[in-house]
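These are notes for a colleague who is opening this entry for the first time. Please read them with the sequence and the structure in view.

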Amino acid sequence: MLGISCDSVEENRAFAEKFGFEFPLLCDTTRATSIAYKALDHAEESYPRRFTYVISPEGRIETAIDTQDPAAQAGELLKRL
Amino acid sequence: MKLLKHIFGELFRKGRRPMLRAGETAPDFDLLDHLGRRVRLGELRGRRVVLWFYPKADTPG
């Protein structure tokens, strides 16, 4: 499990500490990865969308989930794993 | 006509945005995590990875 946003290392560290996340939060400060995964349309867009991807051990997209509702996103994911 | 309507309906369904599709190669990345550690997708081969995009640190979800 990897979280990812366009926040800085410091912002994500504070976020992880506050909620006690035990998985890495990636810092896509150049926004290139968010664009590659279509969570952002372009670098000037303010925030990435709440997309979740499951990537297979072979490096292919297995599942793609788009939802604005964090609880639903978690539920959808559990259903599909 | 019915088919076209269906296709456009799907395309413009509220909230539906284009995503990468199942079967596509996951784009590689080489990023720092919140502890400053380097994480590369290529190094995670052989493991299933869940990649969770969120808009902003410290917002609900």
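**Notes on the pairing and the fold**

1. Strand S2 (residues 25–27) of chain A and S1(B) are joined by two bridges and run antiparallel. In this pairing, Cys27(A) stands opposite Leu32(B). The model is a predicted one, which applies to every point here.

2. The contact between the chains draws 47 residues from chain A and 38 residues from chain B. On the side of chain B that touches chain A, two elements give two or more residues: strand S1 (30–33) and strand S3 (49–53). S3(B) supplies the largest share of that side, with five residues. Sorted by class, the side of chain B that touches chain A holds 21 nonpolar, seven polar and 10 charged residues.

3. Chain A contains three helices and four strands. Their order along the sequence is β-α-β-α-β-β-α. With a radius of gyration of 13 Å, close to the 12 Å that the globule rule gives for 81 residues, chain A is as compact as a globular protein of that length. The C-alpha trace of chain A spans about 30 × 30 × 25 Å along its principal axes.

4. The domain assignment divides chain A into domain 1 (1–43) and domain 2 (50–81). The centres of these two domains, taken over C-alpha atoms, are 16 Å apart.

5. Of the 81 residues in chain A, 33% are buried. Among the contacts in chain A with a separation of 6 or more, 13% are between residues 24 or more positions apart.

Key:
Residues numbered from 1 in each chain as written. Chains lettered and ligands numbered in written order. Predicted model: local features only at pLDDT ≥ 70, side-chain atom pairs only at ≥ 80, totals over all residues. Domains from an automatic or database assignment. Contact = placed C-beta atoms within 7 Å. Nonpolar A, V, L, I, M, F, W, Y, C, P; charged D, E, K, R; others polar. Pairing = 2+ DSSP bridges. Rg over C-alpha atoms; globule rule 2.2 N^0.38 Å. Buried ≥ 20, exposed ≤ 12 C-beta atoms within 10 Å, placed from the backbone.
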